[in-house]
Amino acid sequence: MRTAYRTETVRAAEAALMAELPEGALMRRAAAGLAAACAGLLPRVYGSRVVVLAGSGDNGGDALYAGARLARRGAGVTALLLGSPGEDGRPKAHRAALAALRAAGGADRPASAVAGDPAAALAGADLVLDGVTGIGGRGGLRPEAAALARAARASGAALVAVDLPSGVDADTGTVDGEAVRADVTVTFGAYKPGLLIDPARAYAGALRLVDIGLTPPAGEVAAEALQHADVAALLPHPAAESDKYRRGVVGVVAGSARYPGAAVLCVSGALRGGAGAVRYAGPAGEAVLARHPETLVHPGGPAEAGRVQSWVIGPGLGDTPGVEAVLASDVPVLVDADGLRLLDPAAVRARPAPTLLTPHAGEAAALLGRPREDVEAGRLSAARELAAAYGATVLLKGSTTVVASPDPKDPVRVNPTGTPWLATAGTGDVLSGLAGSLLAAGLAPRDAASVAAYLHGLAARRASHGAPVAAYDVAEALSGAWRDVTED
Ligand SMILES: NC(=O)C1=CN([C@@H]2O[C@H](COP(=O)(O)OP(=O)(O)OC[C@H]3O[C@@H](n4cnc5c(N)ncnc54)[C@H](O)[C@@H]3O)[C@@H](O)[C@H]2O)[C@@H](O)CC1
Ligand SMILES: [K+]
């Protein structure tokens with residue numbers, strides 16, 4: 001499990017650790033890890049050209065110390081100082097770290113000296129260290145830093161963000177203005193939520209975590225991302241005495257005369273999620289049976305379809321009624337797509353069993369009565385807000401899928417396996433079937449949602465291999481994804 005902590009938690013853990021260590025020890029650890037990561041990115045440290053973008057705070061300090069280490073190994077290092085001017089008129093910078101860089105043979109200049117031609121200042125660099133701001137940064141990059149960040153990107157040098165890409169919000173993953181687009185982010189002590197959640201995640205590139213001895217309290221995890229072993233531990237395993245009813249039956253209310261394919265796709269996901277049987281209730285039974293003869297099909301509504309351990313309702317439903325009947329049941333219910341329209345928060349909150357909502361950004365925006373762009377810019381807070389309003393677990397689909405449970409103490413789960421190829425018609429229907437099936441098999445809603453998102457993303461990668469993928473391909477690749485996770 002990758003766990004991420006908010007800035008205030010990281011700072012408190014840092015303070016506790018610093019009290020036990022000699023002055024500057026933590027920063028030296030961070031810089032040593034950072035320099036080692038940079039050395040790994042360079043074909044050869046000796047003779048390489050490194051530019052350090054250094055802000056006035058400790059983030060700049062880390063970058064300058066790392067620059068000093070690289071200079072001692074023979075790199076040509078120049079720091080461009082971005083701090084606001086101090087009393088001597090020079091840009092403020094971490095004093096001891098700047099002295100260390102100078103002592104190691106590195107050069108430094110105020111960034112204002114190169115403002116006329118930032119491209120020339122970055123030309124020929126092999127590696128650029130972004131030490132403008134870390135967890136102390138507020139808002140996007142200021143114009144001088146933004147121009148240098150753009151020039152660094154265009155220079156072709158490897159761009160390494162120190163702790164965080166400067167300009168992103170560590171706690172929420174929002175990006176308010178311009179930010180550094182890094183190839184690699186070397187973060188210290190613990191991940192921060194912004195490194196896992198889009199849009200900020202997309203600015204971070206590959207993540208490296210440097211252990212500086214920090215131990216934030218386990219109870220204060222703000223966001224977490226499952227890995228293979230976590231998923232394997234959560235997946236249902238049929239016991240020798242299991243029969244189809246003990247493994248759980250998932251009921252699917254999806255599709256319509258107009259959209260029969262949604263029913264087929266939803267059932268195809270449900271059949272691969274570990275439930276013992278899939279009941280389908282609705283008007284697209286013929287299409288479902290043609291593709292999936294193992295489905296138990298009922299032409300009527302969910303109320304007459306028989307006992308299930310979970311319901312999935314919504315994909316391709318159109319205006320077909322049934323949401324109220326399903327919400328009135330005493331089993332876990334997943335509501336997706338058309339089922340989310342006109343969903344009554346009071347009815348959901350009053351349910352005796354858990355509810356899982358799986359909106360994309362547009363559907364979440366409609367439920368919250370806000371513009372879609374707001375939801376996309378603040379995915380974590382949108383998911384949390386919806387979960388609180390409906391007393392439900394919310395899986396917010398998108399470039400990073402986020403799962404929030406109604407209890408604000410539960411960390412949000414962030415799915416690391418997605419691929420942009422998943423943004424294609426019908427893949428959401430497969431996902432809701434899969435998650436509903438995991439609910440029927442007995443997983444708690446947060447686990448069902450995050451495990452489903454994980455397998456779904458993995459299946460899409462398997463099916464796609466870098467090429468466009470159709471929803472049905474994703475469903476067919478789910479068993480392979482399940483095996484990848486359990487055989488690891
Ligand atoms: N506290 C510690 O023990 C450790 C901290 N470390 C580093 O320290 C960093 C935090 O350092 P600080 O608290 O000094 O804060 P930062 O260095 O992240 O940023 C604070 C400075 O940036 C300026 N600033 C804020 N927003 C800005 C913006 N949008 N554009 C330009 N300048 C802006 C502030 O005025 C302030 O001078 C961490 O991210 C990490 O890199 C590491 O050395 C590990 C140990
Ligand atoms: K940074």
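Modeller: What follows starts with the division of the chain, turns to the ligand shell and the annotated residues, and ends with a strand arrangement elsewhere in the chain.

The model is predicted, and the values given here are computed from it. The chain is divided into two parts, domain 1 covering residues 2-223 and domain 2 covering residues 228-487, and the centres of domain 1 and domain 2, taken over C-alpha atoms, are separated by 40 Å. Where these parts meet, 12 residues of domain 1 are in contact with 11 residues of domain 2, and the side of domain 1 that touches domain 2 consists, by class, of seven nonpolar, three polar and two charged residues. The UniProt record, in an unreviewed entry, places "domain: YjeF N-terminal" at residues 10-220, a span that is 36% helix and 17% strand and whose end C-alpha atoms are 10 Å apart. The annotation "domain: YjeF C-terminal", likewise from UniProt and unreviewed, covers residues 227-485; that span is 42% helix and 14% strand, with its end C-alpha atoms 9 Å apart.

Turning to the ligand, 27 residues lie around ligand 1, and those that come nearest are Gly 57, Asp 58, Asn 59, Gly 134 and Gly 136. By class, this shell has 11 nonpolar, 10 polar and six charged residues. Helix H1 (7-18), helix H2 (25-41) and helix H3 (58-72) each supply at least two residues of the shell, and the largest share, four residues, comes from H3.

The UniProt record, again an unreviewed entry, lists Asn 59, Asp 130 and Ser 166 for "binding site". These residues span 108 residues in sequence, yet no two of their C-alpha atoms are more than 9.5 Å apart, so they gather at one spot. Asn 59, which is found in helix H3, is also among the residues that come nearest to ligand 1. Asn 59 counts as buried because 26 other C-beta atoms lie within 10 Å, where 20 or more are required for that label. Leaving aside its neighbours within four places in sequence, Asn 59 is in contact with Gly 131, Thr 133, Gly 134, Gly 136, Val 162 and Asp 163, and of these contacts Gly 134 and Gly 136 are themselves listed among the residues nearest the ligand.

Ser 166, by contrast, lies in the loop between strand S6 (158-162) and strand S7 (184-188), and it is buried as well, because 29 other C-beta atoms lie within 10 Å.

Strand S15 (residues 355-358) runs parallel to S16 and is joined to it by two bridges, whereas S16 and strand S17 (residues 402-404) run antiparallel and are joined by three bridges. Val 394 takes part on both sides, as the bridge partner of Leu 357 and of Ala 404 in S17. S16 and S17 form a hairpin with five residues between them, and in the turn Gly 398 has a positive phi of about 155°.

Definitions and conventions. Residues numbered from 1 in each chain as written. Chains lettered and ligands numbered in written order. Predicted model: local features only at pLDDT ≥ 70, side-chain atom pairs only at ≥ 80, totals over all residues. Domains from an automatic or database assignment. Contact = placed C-beta atoms within 7 Å. Nonpolar A, V, L, I, M, F, W, Y, C, P; charged D, E, K, R; others polar. Near = placed C-beta within 6 Å. UniProt positions renumbered as here; feature names shortened; annotations may be inferred. Pairing = 2+ DSSP bridges. Buried ≥ 20, exposed ≤ 12 C-beta atoms within 10 Å, placed from the backbone.
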